[in-house]
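Please look over the following structure. The report below walks through selected helices, strands and side-chain contacts.

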Amino acid sequence: MTKKMKLSQLSDMLQDLDVESLEGVTIEGDIELNISGGGGLNPALAYALGNEISQISLHMANIGRMLGFPAEQLFASAFGMAEAPQAGALPTSPKIQELLASKFEVSKVDNWKNPIQEVTLGATSGDGGTRKSTVTIGGENALPYYFDAEMPHRNYVTMDVFDMPIGMAKAVKGNYEDVINDPAEWAKKVVRDFNADMVTIHLISTDPLISDTPAKEAAKVVEDVLQAVDVPIVIGGSGNPEKDPEVLEKAAEVAEGERVLLASASLNLDYERIAKAAMDYGHNVLSWTQLEINAQKELNRKLMKQCNVPRDRIVMDPTTAALGYGLDYAYTNMERIRLAGLMGDDELTFPMSSGTTNAWGAREAWMVSSPLNQDSDWGPREYRGPIWEIVTGLALSLAGNDMFMMMHPTSVQVLKEITQTLYGSIESEEIDITNWVGAEV
Amino acid sequence: MKINSPLEAYKFLPATNCGECGEATCMAFAAHLIDRSHKLTDCKPILDAKFKKKYEELDALLAPEIREVEIGVGDKIAKIGGDDVPYRHKLTFFNETQYAYDVTDSMDEKDLVERVKYIQDFKKFYVGNFLTVDMIAVRCTSGDPAKFAAAVKKVVETTDLPIILCSFDPAVLKAGLEVSKDRNPLLYAATKDNWKEVADLVLEYDVPVTLFAPNDLDMLKTLAKTFAEMGTEKLVLDPGTFPTGKQLKQTFTNFIKVRRAGLDGDREIAYPIMAVPLTAWMAHDDPVSASYWETVVASVFTIKYGDIMILHSTEPYAMLPELHIRDTIYTDPRKPVTVDPGMYKVGEPTADSPVLVTTNFALTYYTVESDIASNKIDCFLWAIDTDGIGVEAAVAGGQLTAEKIKKGIEDAGFDLKKDTSHNTVVIPGLAARLQGDVEDATGANVMVGPADSGRIPGWMEKNWPPQKK
């Protein structure tokens with residue numbers, strides 16, 4: 001016969017002993033607890049028993065959790081705790097012996113439904129051009145490098161070449177002194193030595209305030225560059241709104257069939273002429289606006305509706321302000337444009353280009369030292385300049401930019417490496433970082 | 001934040017339009033609660049006992065999705081996390097990424113003190129202020145608790161900057177904590193192997209802690225959930241920063257996933273995220289390559305959701321772009337950064353002083369102003385209203401024109417002929433092409449200044465006062 005004992009009897013027995021915990025108590029088989037008159041218990045015993053029982057219930061709850069039962073909710077509702085215990089409740093929090101297993105899950109974005117338009121630059125002999133290869137940008141279904149959708153094309157770099165010697169930061173100039181008077185050689189050099197995917201020829205000498213080179217003469221330079229390299233090219237004017245349409249028309253004519261990118265159509269010049277030149281001679285148009293999403297929509301709309309430029313011939317340049325010189329606007333403008341495109345604004349679903357070279361206008365990129373004596377030492381500018389161009393471009397690549405116009409060979413190399421790493425095409429030795437804290441660096 | 005319209009917040013407010021918060025109406029106050037430019041505690045009436053329930057409800061609704069964690073004490077306290085949106089134009093990002101630069105307990109004491117002071121004092125002028133860096137991370141490379149404690153003590157004595165104690169050995173962390181516990185340091189790190197011991201320290205000393213689960217988001221969440229259950233939500237998550245190749249791509253993906261899950265409402269993982277660009281030094285031997293790559297990784301994770309990071313290179317060519325990219329990402333994109341257009345007197349200009357023209361883009365204005373003032377040049381400086389666009393872009397885009405300059409000067413009632421002895425305007429070098437037009441429009445003599453205002457002093461020496469025509 002099993003001898004039974006009431007809790008109150010146990011309490012009486014232990015009444016005079018200073019009991020703080022019960023050891024060796026095991027509960028086997030079906031658990032049946034019948035506790036009544038808890039108030040009459042010796043407080044020390046009640047506490048010790050309560051502790052044991054609570055521990056048991058926690059273990060049982062853990063088992064329940066492993067079986068997939070939401071035990072926390074049960075506890076919460078049972079004890080009237082709507083929310084997790086506050087930090088103030090800390091001393092009474094349970095001492096946990098095992099990690100509380102949890103699975104990480106996150107969903108993909110569901111409103112990026114509209115792919116970015118693909119645009120191909122350059123034409124091979126099969127398409128009526130003479131380029132050895134072409135470059136295709138756009139096609140994204142997600143923000144760059146995001147896991148939501150495969151990114152179809154990597155980022156590309158087109159390096160700047162000018163039709164006359166220009167003022168350049170020392171760190172940049174050092175790379176071009178031997179070719180500065182010969183745009184064709186300059187173009188060869190950036191492709192051969194600096195791994196440029198494309199070349200941009202800027203016809204700045206055509207500016208009436210510079211040399212006022214006639215459009216016809218400038219077009220000759222374009223022919224030379226096309227002869228010198230077999231990558232796709234971008235043709236830029238001088239930025240003079242009166243002269244550029246004429247210059248770009250002539251350039252478009254001599255580059256017929258090469259599917260170049262004409263830079264740029266903008267709202268402050270006769271964009272219709274530029275669009276027409278692009279259509280007449282089989283080129284793409286760079287739609288350039290200044291840090292203003294609505295102006296970008298307006299210009300794209302005009303190019304499509306008014307000038308009949310097909311969608312696969314438009315690339316946008318929403319303006320690059322350099323790191324520390326307005327990049328905050330440039331970054332957000334591009335990010336907003338890309339998000340709007342992905343979410344279905346078909347006036348903004350075009351790939352983007354950035355004049356990343358603008359970073360060299362930042363004094364931090366080229367100045368020997370800070371003009372302010374309160375500033376800390378800026379260190380050698382040879383290293384400062386390239387990283388300025390890299391970080392400017394890198395930020396915009398994360399905002400959705402597809403193609404970069406750049407100048408410094410180191411910047412080009414590092415920007416390509418980081419963007420292709422994020423794109424997923426760079427293999428490299430795996431690094432074990434688990435003990436980085438103790439690493440000797 | 002669980003609500004996003006002022007109307008939803010308004011429902012909880014007393015609706016008395018008492019004005020104590022500084023706003024004319026409760027609705028206006030509600031709008032500022034939503035854009036987080038006011039705190040709920042700015043509303044005094046709602047703090048009254050009878051509104052307790054509404055206060056608590058609204059407070060919970062306004063709480064940011066990503067928890068806010070504090071490191072350090074006093075003036076230098078650093079807050080991280082507290083964000084609500086994945087894109088800065090939706091609301092703005094709060095609490096700038098905190099940059100901690102490392103020292104180790106194997107360093108010579110003199111070198112350590114020197115490095116800490118250099119980090120503490122590093123500054124770069126920008127838009128009327130100085131950009132600075134934030135923290136010291138003390139790494140235990142010796143494995144010796146006593147050595148670590150000595151290094152931490154030295155750091156504590158040298159600087160007020162917040163501190164991160166870095167070791168995977170609980171005994172080392174405890175030794176460091178003992179000498180820095182009143183500074184609320186961040187512990188680095190609890191892992192799947194040491195979490196119990198580290199949790200004991202975290203609960204005993206009541207300090208924030210980083211959870212480190214390299215490329216294992218299940219484990220990261222498991223640790224976070226366990227720590228929260230044990231009673232602390234002062235957590236920072238480190239999903240591991242792998243510096244190269246496909247591992248780096250995976251790291252990028254992990255950061256995006258963790259932040260997205262947090263913003264989507266998964267409370268178990270809604271904590272600030274830590275990046276460790278310092279790992280770039282494990283992949284590159286040459287210090288310039290390592291610094292470059294570290295800066296690149298730091299830039300990526302400043303833009304994409306790193307709330308705090310540990311860095312090694314203190315070369316200015318690494319620190320300057322880091323400081324600037326952070327400022328770029330954490331500037332409120334909803335407000336144009338401008339100064340009021342008009343005339344500013346720099347120093348004590350007289351009729352013989354030059355009249356310089358710039359734009360009302362705050363960056364341009366403050367750069368020019370500080371270059372002039374620090375070289376003690378007295379002048380009249382005109383901030384022309386270009387809608388907050390810098391000189392070069394404003395010339396190209398037509399926001400800076402001869403007419404704008406003429407109007408800007410005249411609107412202030414300034415007469416170049418009467419108020420100066422030279423009837424001359426100096427335009428920025430980047431606006432050189434406007435020279436003829438400005439001459440025609442103003443009838444004044446127009447000089448072209450240097451392209452960068454840092455060269456104004458040299459330019460002044462050569463060109464001022466102007467030769468009489």
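A:A275 counts as buried because its relative accessibility is 0%. Buried means under 20% relative accessible area, exposed over 50%, and partly exposed in between, with a 1.4 Å probe and protein chains only. This is a predicted model, in which local features need pLDDT of at least 70, side-chain atom pairs count only at pLDDT 80 or more, and totals for chains, interfaces and linings use all residues. Residues are numbered from 1 along each chain as its sequence is written, chains are lettered from A and ligands numbered from 1 in the order in which they are written, and side-chain values use heavy atoms, with hydrogens and water left out.

A:A275 sits in helix α8 of chain A. Helices (H or I, at least four residues) and strands (E, at least two) are DSSP runs, numbered from the N terminus. In chain B, helix α7 holds B:V202. B:V202 counts as buried because its relative accessibility is 2%. The table lists contacts (heavy atoms within 4.5 Å), leaving out residues up to four places away in sequence.

| Residue | Helix and its residues | Residues touched |
|---|---|---|
| A:A275 | α8, residues 271-281 | A:V285, A:L303, A:C307, A:V309 |
| B:V202 | α7, residues 195-205 | B:L187, B:V207, B:V209, B:F227, B:T232 |

B:V202 and B:K234 are 32 residues apart along the chain, and their C-alpha atoms are 9.2 Å apart.

**The sheet in chain A**

Chain A has an open sheet of 8 strands with parallel pairing, in the order β8-β7-β6-β5-β4-β3-β10-β9. β8 (314-317) and β9 (353-354) are at the edges; each has a single partner strand, so one side of each lacks a neighbour in the sheet. Strands pair if DSSP finds at least two bridges between them. β6 (residues 261-266) and β7 (residues 284-288) of chain A run parallel, joined by 5 bridges. Within this pair, A:L261 is opposite A:N284.

**Strands and a helix in chain B**

In chain B, 4 bridges link the parallel strands β16 (residues 424-427) and β17 (residues 445-448). B:V425 has B:V446 as its bridge partner.

Helix α12 (residues 362-374) of chain B has 13 residues. Its buried residues include B:L363, B:Y365 and B:I372. B:K376 follows α12(B), with a positive phi near 55 degrees.

Methods
Expected span 1.5 Å × (residues − 1).
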